[in-house]
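Notebook open. I want to go through this fold piece by piece and jot down what I look up.

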Amino acid sequence: MINLPAARPRQLLRNGLPVAVLLICVPLLWQRLSVMDMGAIRAAVGAVRWDQWLLAVLATWLSFQAIGRYDAVWHRLMGTGVSPALARRAGMRAIAVAQLLGFGAVTGSLVRWRCLPMFSLWQATHLSIAVTLAFTLCWALFALCAFWWSGLYPAFSALHLGLLLLAAAVLITIVRRRLTHNLTAADIGQLMVWTAVDLCCAAAALSVMLPDAIDVSFSHILAAYVLALGAGLVSNTPGGAGAFDLTLLTLLPMDTPEPLVAAIIAFRLVYYLLPASLALVSLARPARHAGASRNAPAHWALARQSGEVWTIANQVWYLADLPFVMVAVGPAKRATAKAPNLTALRRHAAIRIRFPALYNCDPRLAMAARNAGWYVRRTAMEALIRPTTWSTAGNRRQTLRRKLRHAAAAGVEVTRPGAMQPIEQMRYIARQWALTHGGELGLSMGRFCPDLLNQQEVFLITIDGQLTGFVSFHASPTGWVLDLIRHVDGIPDGAIQTAIVAAIEAARQSEIPVLSLACTPDPRYTPDRWANRKAGLIQFKRSFGPIWVPRYHAAPSRFSFWITGIVIGIGIHRPWANLPWKLARRIKIIMQKYQVAQVRY
């Protein structure tokens with residue numbers, strides 16, 4: 001039962017604080033501005049060069065990309081099932097509108113509710129509160145560093161800073177263990193990294209707006225921005241009006257403050273007004289989110305990781321967002337399917353400010369794109385198996401039979417765990433595999449995800465009862481698609497082939513019409529250097545004697561074809577999530593070389 005007398009003062013404080021800050025800070029700010037030369041301020045704003053505007057826009061874009069990762073992390077922790085791409089866009093829109101209008105938690109909740117139609121208002125509010133609290137705690141740690149760096153209180157030494165940071169780390173550990181079991185140390189580190197990227201990029205957007213004549217180091221601008229942002233957050237006023245500007249003017253004192261005021265105005269236009277305007281335009285008429293589709297192919301389950309399923313002009317597409325590129329797969333086939341509406345798809349990409357691209361499309365869709373004037377090229381081939389008629393017999397599968405004999409001699413056994421998956425053992429194997437291979441691939445390539453594995457067909461590889469690897473398949477009534485192959489180092493020859501053969505047999509028993517071993521580059525239509533790198537993968541899939549089906553890449557023009565192809569290639573083979581794994585792999589290699597050198601000398 002709510003104690004109304006106790007709740008009313010808190011409500012009055014929460015609602016009255018922004019008004020009190022406005023009544024105090026705005027007159028003080030106006031007093032500072034009234035003695036300045038308004039003509040000089042207008043001239044300084046007009047003197048901002050086009051390259052400064054461009055760099056500020058780029059820094060703002062990077063800052064909001066980091067902000068969106070906050071929502072993606074919390075969606076994963078809360079198990080909402082929303083894809084990271086959709087979560088990031090909803091988070092960016094919510095922050096863009098909230099930081100302009102103020103009342104962050106309330107405004108952010110309403111925007112997220114609008115962007116995520118599958119969410120209730122309570123779920124959106126819960127998510128907004130979690131994101132706001134997490135960001136505030138992360139900001140507070142950086143604010144301590146900024147306070148020490150700015151030298152506002154000389155008695156606050158580096159020793160005091162270290163002790164406070166240590167105490168904060170202990171407090172975070174206690175809170176994490178007492179209040180939530182899902183938030184790991186890696187998640188906290190990820191949130192800290194994205195907060196640092198956000199603050200640095202936002203400070204960079206402010207820094208590039210300053211004229212060259214102002215000689216202030218970026219570190220001082222960063223420290224001043226972090227503290228000014230905190231003042232704006234505490235005030236909870238629209239855009240941090242008054243508190244943010246006064247803090248910057250106080251922490252960055254100058255003989256002639258007009259250029260700084262002009263830089264703040266230009267920064268507000270780029271970092272506050274521009275993102276909020278784009279967000280409000282996109283919120284006016286958002287595309288319909290389709291969610292899961294019964295007619296969707298099995299591998300569209302990857303929408304939980306790298307995209308989402310949308311309905312565009314009554315056609316269902318799987319869309320994945322990359323920087324400047326909207327990757328489209330589909331549309332899903334229906335009994336009364338019409339020709340693919342590529343015009344509506346291009347319009348949807350234009351709203352997102354993206355180049356559209358059809359990725360790994362089938363011959364029918366490739367022909368429709370060519371007839372629409374798109375530039376189309378064959379790039380891959382998909383290995384398909386019909387379980388009802390497939391067998392290990394025949395000359396084409398001679399290598400496969402030899403591999404299966406090797407695995408049987410090594411004592412390899414394959415089991416199908418169903419719902420009782422040993423997730424922790426599988427997680428350990430996946431981490432070891434990622435460390436050895438420099439991380440997992442992105443976009444259309446699956447990444448280890450326990451929530452997704454629970455919806456897949458999984459086959460475990462064991463030797464003497466010890467789990468040494470596993471393979472997983474996206475499953476639907478229309479077919480299975482190979483997703484993950486993860487194993488420890490030194491796994492016996494033929495073990496992976498044995499697991500896939502067991503999957504084919506299980507698909508036959510379940511009367512699955514087709515099983516896909518996924519796509520590989522087509523050596524006849526891709527550069528030799530690229531095809532040679534995938535020669536082992538092609539040989540592996542060829543040993544099963546599959547049916548090879550061509551797959552195509554298409555874009556509206558030759559220029560956009562190559563742009564989208566390069567971005568997709570980077571998104572698959574060089575995803576951001578691989579950076580920690582590549583760093584860990586490099587450290588492991590260095591340590592191994594160091595140990596060898598110690599033994600030798």
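What follows are my entries, from the whole chain down to single residues.

**Ground rules.** I am working on a predicted model, where local features need pLDDT of at least 70 and side-chain atom pairs count only at pLDDT 80 or more, while totals for chains, interfaces and linings use all residues. Residues are numbered from 1 along each chain as its sequence is written, and side-chain values use heavy atoms, with hydrogens and water left out.

**Whole chain.** I counted 22 helices and twelve strands in the protein chain. These are DSSP runs numbered from the N terminus (helices are H or I, at least four residues; strands are E, at least two). Of the 601 residues, 46% are buried; buried means under 20% relative accessible area, exposed over 50%, partly exposed in between, with a 1.4 Å probe and protein chains only. I also looked at contacts (heavy atoms within 4.5 Å). Among those between residues at least 6 apart in sequence, 71% join residues at least 24 apart.

**Cores.** Next I looked up the nonpolar cores, meaning sets of buried Ala, Val, Leu, Ile, Met, Phe, Trp, Tyr and Cys residues joined through side-chain atoms within 4.5 Å. The largest has 91 residues, and Y70, W74, Y225, W317, L345 and L358 touch the most other members. Helix α11 (residues 258-284) gives the most to this core, with twelve residues. There is a second, separate core of 28 residues, with I461, W480, I500 and L515 among them.

**L358 and A369.** I listed the contacts of L358, leaving aside neighbours within four places in sequence: they include W317, L345, A369, W374 and Y552. Then I turned to A369, which is in helix α14 (residues 363-371). A369 counts as buried because its relative accessibility is 0%. Not counting residues up to four places away in sequence, A369 touches L342, L358, W374, V376 and A554. I also noted that its C-alpha is 8.4 Å from that of P340, 29 residues away along the chain.

**α6 and α8.** For helix pairs, axes are lines fitted to C-alpha atoms over the stretch in contact, and angles run from 0 to 180 degrees between N-to-C directions. The axes of α6 (residues 121-150) and α8 (residues 185-207) come within 10 Å and cross at roughly 70 degrees. That makes the pair roughly perpendicular, the label for 65 to 115 degrees. Which residues make the contact? On the α6 side I found A134, F135, C138, W139, L141 and F142, and on the α8 side L191, M192, T195, A196, D198 and L199.

**α15 and α18.** Here α15 (residues 398-409) and α18 (residues 495-509) pack at about 105 degrees, with axes 8 Å apart. These two are therefore roughly perpendicular to each other as well. L400, K403, L404 and A407 in α15 meet A495, Q497, T498 and V501 in α18.

**Positive phi.** Most residues other than glycine have a negative phi, so I looked for exceptions. F324 has phi near 70 degrees and lies in the loop between β3 (315-322) and β4 (325-329). F324 counts as partly exposed because its relative accessibility is 47%. A518 also has phi near 70 degrees, but its place is in strand β11 (residues 515-521). A518 is partly exposed too, with a relative accessible area of 22%.

Technical notes:
Angles under 35 degrees count as roughly parallel, over 145 as roughly antiparallel, 65 to 115 as roughly perpendicular and the rest as oblique.
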